[in-house]
Amino acid sequence: MTKIRRSARTVIFKKLRLAFRSRSFLVLFLIVAMVASSIVLKVSKKTFNISDGKSVYVIYSISSDIDNALNLAQLKSDKYQIMSTVRKGRVTNIRLEYTFPVNVTIKGETVEVYTIPSTVKDILHNLGVTITEHDEVSPAADTFLKKSADIKYVSIQYTSGSYDIEIPFKTETVTDDRKVGIKMLREGKKGTERVYYTEKWVDGVSVSRDETGRSVVSKPVNAKKLIGTADPKDFIVVTTSDKVKCISTLKPASPIKLNAKGVPVDYKEKITVKATAYTHTGRNCATGVKPQPGYIAVNTKYIPYGTKMYIVTHDGKTVYGYAVAADTGAASSNKVDLFMDTQEECAKFGRRNVDIYILE
């Protein structure tokens, strides 16, 4: 009986000793865990010093996230702008400024933006707007805003350009008492003038255009009209093959129209010069053609070879007729030599003034 009791006490004692050992181990484990956690927390703890210019908020966090620190700081307003962030080891210094709303009107549309205290110019610049010398801004661009305000911006631009306009031509009239009716001698042509201008644009819309100058690109060519003032009753057209006795035996490519006075209807120029006559010398003309009445000798400085003309003595009594400049013989500008078939004809003609009508 005594042995049984001792055995029971021994078992109980062993159990108590084991229990004591287990509890001590648990306490020791908890102490170690707490110390380890404290060390880990101390090592991983981050410090955030947040300054808004008036107050400094100190936030401790195991996270490195700045936004998380700002949320924990319980700032005076959630409208702010971070100005700088400096991190040294586990300490991060953050400087911020609170923002305020500003209403900005551009091209008639108003938007609300939040800004730190800034000039009007900087606020518009942050919106992608660059102010030029002609733009209109209210308040003025250098105004420093510290609180809510309304900003109005109007873009003003000036561009240069040009366009062309027509210059009308005039019609000149000339009269000729040798002709009847009206004839257009030259068609008119319009000219071109360039107009330069400066255009004003307000918010991309053209509002005015001012002329700054003009220049002539091409001058107009006036039309020229001939008005014949001759009396139709006295104007009878004949040709060199009709009723006109000529010394010249040359035939024009087409009939030469003459009025009743024996004057060509159409000619470029009329000159009056002295004329003498000459006949065969046994040589061809200077141009190589065989001499015949109608080929005349001229001073080529004044009448080129090949010039076609119609010649009548100044008194109108003798008609030499259709002639071509083909030979050289006249020494001056106011003299020509008319070829004739015989010496007798030359002597009879002598020296006379003649009217030469240049045809072409």
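Buried means under 20% relative accessible area, exposed means over 50%, and partly exposed is in between (1.4 Å probe, protein chains only). The model here is predicted: local features need pLDDT of at least 70, side-chain atom pairs count only at pLDDT 80 or more, and totals for chains, interfaces and linings use all residues. Residues are numbered from 1 along each chain as its sequence is written, and side-chain values use heavy atoms, with hydrogens and water left out.

**Exercise 1.** Work out whether Asp-176 is buried or exposed, and find what it touches.

*Solution.*
- Step 1: Find Asp-176 in strand β12, residues 171–176. (Strands are DSSP runs of E, at least two residues, and helices are runs of H or I, at least four; both are numbered from the N terminus.)
- Step 2: Its relative accessibility is 10%, so Asp-176 counts as buried.
- Step 3: Skip the neighbours within four places in sequence, and Asp-176 is in contact with Leu-226, Ile-227, Gly-228, Thr-229 and Ala-230. Contact here means heavy atoms within 4.5 Å.

**Exercise 2.** Classify the ring pairs Tyr-163 with Tyr-197 and Tyr-267 with Tyr-357.

*Solution.*
- Step 1: Grab the rule: rings of Phe, Tyr and Trp (its six-membered ring) pair if their centres lie within 6.5 Å; planes under 30 degrees apart are stacked, over 60 edge-to-face, and the rest tilted.
- Step 2: That rule gives three aromatic pairs. In one of them, Tyr-163 and Tyr-197 sit 6.0 Å centre to centre with 35° between the planes, which makes the pair tilted.
- Step 3: This pair links distant parts of the chain, with Tyr-163 in β11 and Tyr-197 in β14, 34 residues apart. Tyr-163 is partly exposed at 35%, while Tyr-197 is buried at 13%.
- Step 4: Tyr-267 and Tyr-357 are edge-to-face, at 5.0 Å centre to centre and 65° between the planes. Tyr-267 lies in the loop between β16 and β17, and Tyr-357 in β22, 90 residues apart.
- Step 5: Tyr-267 is partly exposed at 21%, and Tyr-357 is buried at 5%.

**Exercise 3.** Say why β6 and β8 stand at the edges of their sheet.

*Solution.*
- Step 1: Write down the order of this open, mixed sheet of four strands: β6-β5-β10-β8. Two strands pair if DSSP finds at least two bridges between them.
- Step 2: β6 (109–115) and β8 (136–138) each have a single partner strand, so one side of each is left without a neighbour in the sheet.
- Step 3: Now look at β5 and β10, which run parallel and are joined by four bridges. Ile-106 has Tyr-153 in β10 as its bridge partner.
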